[in-house]
Amino acid sequence: MGFFPWTLRKIYQIIRSKMEQLISKLKQFQADSVVFYSTTHGFHWNVEGVLFTQYHAFFKEVYEDVYSTLDVIAEYLRKYDEYAPFALSEFMANARITEVRLQSTSPTTMAATLLGMNNIMLETIKDLFKTTQPLQEQGLANFLAERQDKHQFWGWWLRSSLREAIN
Ligand SMILES: [Fe+2]
């Protein structure tokens, strides 16, 4: 000890613990994104009914959007000198979103399930955003602000698809 003056060592410990919080939330965001992506792709495959064409296309738009973020999220982990998880069991351990299996092929049941998952995605993004602020990680914060916007957009589409139209 005595390597750093007390205050410097304290500052170093605070920064390291803030970085650990950021990395843990980033891994949760990665895992939630994988579960959300995988569920949406599965709904794209299995949806049935008179609205098949619309929902098949809608789910595709959503899963392609979320899939496009997986590489970016993993590379943020590498930028922070952390290895990026890739085993499905790691994603299951890190995710806040609970995975589902096919319980209904109804588009509205699927949309309701996705809306619930989308709300959790928004919470995860906001929690992670908070951890970027004390560290002034503006690049990640900027990416997350865009993702929050996009998931709010998907939330609007999902909610609207579940409502009765006013005639
Ligand atoms: Fe397809």
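This is a predicted model: local features need pLDDT of at least 70, side-chain atom pairs count only at pLDDT 80 or more; totals for chains, interfaces and linings use all residues.
## How α4 and α5 pack

Two packed helices are described by the angle between their axes and the distance between the axes. For helix α4 (residues 107-132) and helix α5 (residues 138-162), that angle is about 160 degrees, and the axes sit 9 Å apart. An angle over 145 degrees counts as roughly antiparallel, so that's the label α4 and α5 get relative to each other. Their crossing is left-handed. As for what the contact of α4 with α5 is made of, by class there are 15 nonpolar residues, eight polar ones and three charged ones.

## The largest nonpolar core

In soluble globular proteins, nonpolar side chains tend to be buried together. Here, the largest nonpolar core has 30 residues, and the ones touching the most other members are Leu26, Val35, Phe36, Phe59 and Leu114. Helices α1 (6-46), α2 (52-79), α4 and α5 are the elements that each put in two or more residues. The largest share is from α1, with eight residues.

Take Leu26 as an example: which residues is Leu26 in contact with, leaving aside its neighbours within four places in sequence? They are Ile73, Tyr76, Leu77 and Leu128.

## Ser17, out in the open

Is Ser17 buried or exposed? This residue lies in helix α1. Ser17 has 10 other C-beta atoms within 10 Å, and 12 or fewer counts as exposed, so Ser17 is exposed.

Conventions. Residues are numbered from 1 along each chain as its sequence is written. Axes are lines fitted to C-alpha atoms, for helices over the stretch in contact, and angles run from 0 to 180 degrees between N-to-C directions. Helices (H or I, at least four residues) and strands (E, at least two) are DSSP runs, numbered from the N terminus. Angles under 35 degrees count as roughly parallel, over 145 as roughly antiparallel, 65 to 115 as roughly perpendicular and the rest as oblique. A crossing is left-handed if the near helix is turned anticlockwise from the far one by less than a right angle, and right-handed if clockwise. Ala, Val, Leu, Ile, Met, Phe, Trp, Tyr, Cys and Pro count as nonpolar, Asp, Glu, Lys and Arg as charged, and the others, Gly among them, as polar. A nonpolar core is a set of buried Ala, Val, Leu, Ile, Met, Phe, Trp, Tyr and Cys residues joined through C-beta atoms within 7 Å. A residue is buried if 20 or more other C-beta atoms lie within 10 Å of its own, exposed if 12 or fewer, and partly exposed in between; C-beta atoms are placed from the backbone. Two residues are in contact if their C-beta atoms, placed from the backbone, lie within 7 Å.
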